[in-house]
Amino acid sequence: MKEIEWAKLVAVKLDNALSGYSVEAGKKLLYANEIVEYGGNSPSYNEMAYETDILVFESKNDSWKPRVVIETKLDSVTTHDSITYSQKSATHKYVHPYLRYGIFLGHREHHPLPGRLFRHGAHFDFMLSWKNYEPEEHEWKTLLDIVKKEIKASHQLEEMIFNSRSKQREKYIALHKPLVTTSAKKL
């Protein structure tokens, strides 16, 4: 199976499981909006977008807002992949500061997440691995749980960033980003 085929299958399954959100494979998302020139009060822009493997987004009327991007890889992931996808995450987050971003490995058989992802995946909010193309029950539950938590985190980040000057905003006194892992030994 090719990665794009697998991403489409997972996207459909996620789309069916997430109410209030849409999930698509291959949807493009801006990572840069460069100003080419200024003409009066209206600058001319050059928009650049990457195609995402899986994008979770919310739609309202004729607009949509990205919430979670999931990069997919099958079988193995190289150091180059780790660095490239992590950098892609950083560029997308620069334009969408509330966006959550992860990498999802499939058809890994007995191999856990590789150390190169931990070392070079600094801009990932989550990492996940399945043994095969189709998930075991606990693998599906883990993916769904992570995606729902990441959607919630995206909403919270958006509120914190864009309402920071509002007198009615939620006022926080602490922010803590814990490290949560699931060991293959416990399954």
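Okay, everyone, how many residues apart are aspartate 145 and lysine 149 in helix α4, and what does that spacing amount to along the helix? They are 4 residues apart, so about one helical turn separates them. Their side chains meet in a salt bridge, at 3.2 Å from N to O. Before I go on, remember that this is a predicted model.

Let's stay with that pair for a second. Lysine 149 counts as exposed because its relative accessible area is 53%. Aspartate 145 has 34%, so it counts as partly exposed.

Now, other salt bridges. The whole structure has 11 of them. One joins aspartate 125 to lysine 93, with the closest N and O atoms 2.8 Å apart. This pair ties together distant parts of the chain: aspartate 125 sits in the loop between α3 and β7, lysine 93 sits in helix α2, and they are 32 residues apart. Aspartate 125 is partly exposed, because its relative accessibility is 25%.

What about a buried example? Aspartate 81 and lysine 73 are both buried, and their side chains form a salt bridge at 3.4 Å, N to O. There's also a network of salt bridges that links Glu58, Lys65, Arg67 and Glu158.

Next up, helix packing. Two packed helices are described by the angle between their axes and the distance between the axes. Here, take helix α1, residues 3–17, and helix α4, residues 137–162: their axes come within 11 Å and cross at roughly 65 degrees. The crossing of α1 and α4 is right-handed. And which residues meet there? From α1 you have Val10, Lys13, Leu14 and Ala17, and from α4 you have Trp140, Leu143, Leu144 and Val147.

Over to the backbone. Most residues other than glycine have a negative phi. Asparagine 61 has a positive one, near 55 degrees. You'll find asparagine 61 in the loop between β4 and β5, and it counts as exposed because its relative accessibility is 83%. Aspartate 75 also has a positive phi, near 70 degrees. That residue is in the loop between β5 and α2, and with 39% relative accessible area it's partly exposed.

Last stop, the surface. Ile35, Tyr38 and Tyr45 make up a nonpolar patch there, with about 380 Å² of accessible area together. Tyrosine 38 belongs to strand β2, residues 28–39. So is tyrosine 38 buried or exposed? It's exposed, because its relative accessibility is 64%.

Note on methods
Residues are numbered from 1 along each chain as its sequence is written. This is a predicted model: local features need pLDDT of at least 70, side-chain atom pairs count only at pLDDT 80 or more; totals for chains, interfaces and linings use all residues. Side-chain values use heavy atoms; hydrogens and water are left out. Patches are made of residues with over 30% relative accessible area and no salt bridge: like charges are joined within 9 Å, nonpolar side chains (Val, Leu, Ile, Met, Phe, Trp, Tyr) within 5 Å. Accessible areas come from the Shrake-Rupley method with a 1.4 Å probe; for residues, only the protein chains shown count as cover. A salt bridge is a side-chain nitrogen of Lys or Arg within 4 Å of a carboxyl oxygen of Asp or Glu. Helices (H or I, at least four residues) and strands (E, at least two) are DSSP runs, numbered from the N terminus. Buried means under 20% relative accessible area, exposed over 50%, partly exposed in between (1.4 Å probe, protein chains only). Axes are lines fitted to C-alpha atoms, for helices over the stretch in contact, and angles run from 0 to 180 degrees between N-to-C directions. A crossing is left-handed if the near helix is turned anticlockwise from the far one by less than a right angle, and right-handed if clockwise. Contact means heavy atoms within 4.5 Å.
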